Amino acid sequence: MEQVTMERMAEIVRSAEDIFEDRDDSQKVHTKGRADYVTDVDLHVQQYLSKKLAESFPGVQFMGEEKDNSEINFQKSVWILDPVDGTTNLIHDMRASAISLGYAEEGKIKAGVIFCPFSKELYMAERGKGAFLNGRPIHVSRAESLGESLISIGTAPYYHEYADWTFRVSKEIFLQCQDIRRSGSAAIELAYIAAGRLDGNFERILQPWDFSAGICIVEEAGGIVTDLEGRLVDFSKKSGICASNGRIHDSLLSCLQGE
């Protein structure tokens with residue numbers, strides 16, 4: 001089996017670009033639940049990448065958004081794929097969607113790739129080797145306080161029961177930071193923290209494929225990602241996420257916890 005490296009992961013992910021950009025397939029939409037959609041692009045990208053990864057890395061488990069993942073043993077090696085993070089954006093041609101691929105071994109995220117085909121930006125990281133955007137090293141921002149920070153929020157659109165909490169804490173953060181943003185893609189927002197474009201981000205609940213690659217990229221760029229209680233994120237299940245440049249992390253967590 002080939003050695004898993006961020007460069008090889010990036011090469012495989014980039015090879016799905018034409019499938020991702022098929023506008024006809026993006027308009028073939030199926031409803032999974034409230035505000036939860038899948039397009040033929042999601043399905044075709046996942047089918048393609050699962051096959052490519054299996055060819056190069058036989059024996060590595062595959063976890064994907066568009067499949068049943070109940071058989072996954074997270075103590076063994078596993079791919080964690082979101083074929084389209086930002087599906088609703090893709091449907092509306094917002095051009096803010098990404099492929100997110102994480103790689104884990106022995107219960108730890110070892111590498112991650114986030115590719116944004118519309119902007120041609122490819123973020124990648126591998127433990128101990130740093131984080132990169134289109135081959136150039138990236139680092140989190142130097143903002144020291146919320147007052148110096150641009151914060152992105154996630155609205156957990158599949159879980160309307162958290163709406164009151166989300167918008168209450170968003171208002172509190174908005175009143176303390178420079179401004180807030182909402183892209184509709186958790187993967188992109190994590191990548192932007194790694195690149196220093198955003199200083200922090202939170203969302204009440206996300207799936208492992210939303211954040212696994214991003215966690216590695218943010219941390220290798222010098223940032224911090226925890227759950228909403230400040231604990232290490234368990235990538236084997238849904239979790240709330242708080243990500244930052246590290247310097248503002250405690251302040252951001254205090255807002256999320258109502259302190």
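In helix H9 (residues 249-256), the buried residues are His 249, Leu 252, Leu 253, Cys 255 and Leu 256. These residues span an arc of only 155 degrees around the axis, so they sit on the same side of H9. The arc is taken from the directions that run from the helix axis to the C-beta atoms. Buried means under 20% relative accessible area, exposed means over 50%, and partly exposed lies in between (1.4 Å probe, protein chains only). Helices (H or I, at least four residues) and strands (E, at least two) are DSSP runs numbered from the N terminus.

The model is predicted: local features need pLDDT of at least 70, side-chain atom pairs count only at pLDDT 80 or more, and totals for chains, interfaces and linings use all residues. Residues are numbered from 1 along each chain as its sequence is written, and side-chain values use heavy atoms, with hydrogens and water left out.

The cover over the buried residues of H9 includes strand S10 (150-153), helix H6 (163-176), strand S12 (200-206), strand S13 (224-226) and strand S14 (239-244). Contact here means heavy atoms within 4.5 Å. Just after H9, Gly 258 adopts a positive phi of about 75 degrees.

Most residues other than glycine have a negative phi. Glu 106 is not a glycine, yet its phi is positive, at about 50 degrees. Glu 106 lies in the loop between strand S5 (98-105) and strand S6 (108-116). Its relative accessibility is 61%, so Glu 106 counts as exposed. Ala 156, also not a glycine, has a positive phi of about 45 degrees. The loop between S10 and H6 holds Ala 156. Ala 156 is buried, with a relative accessible area of 2%.
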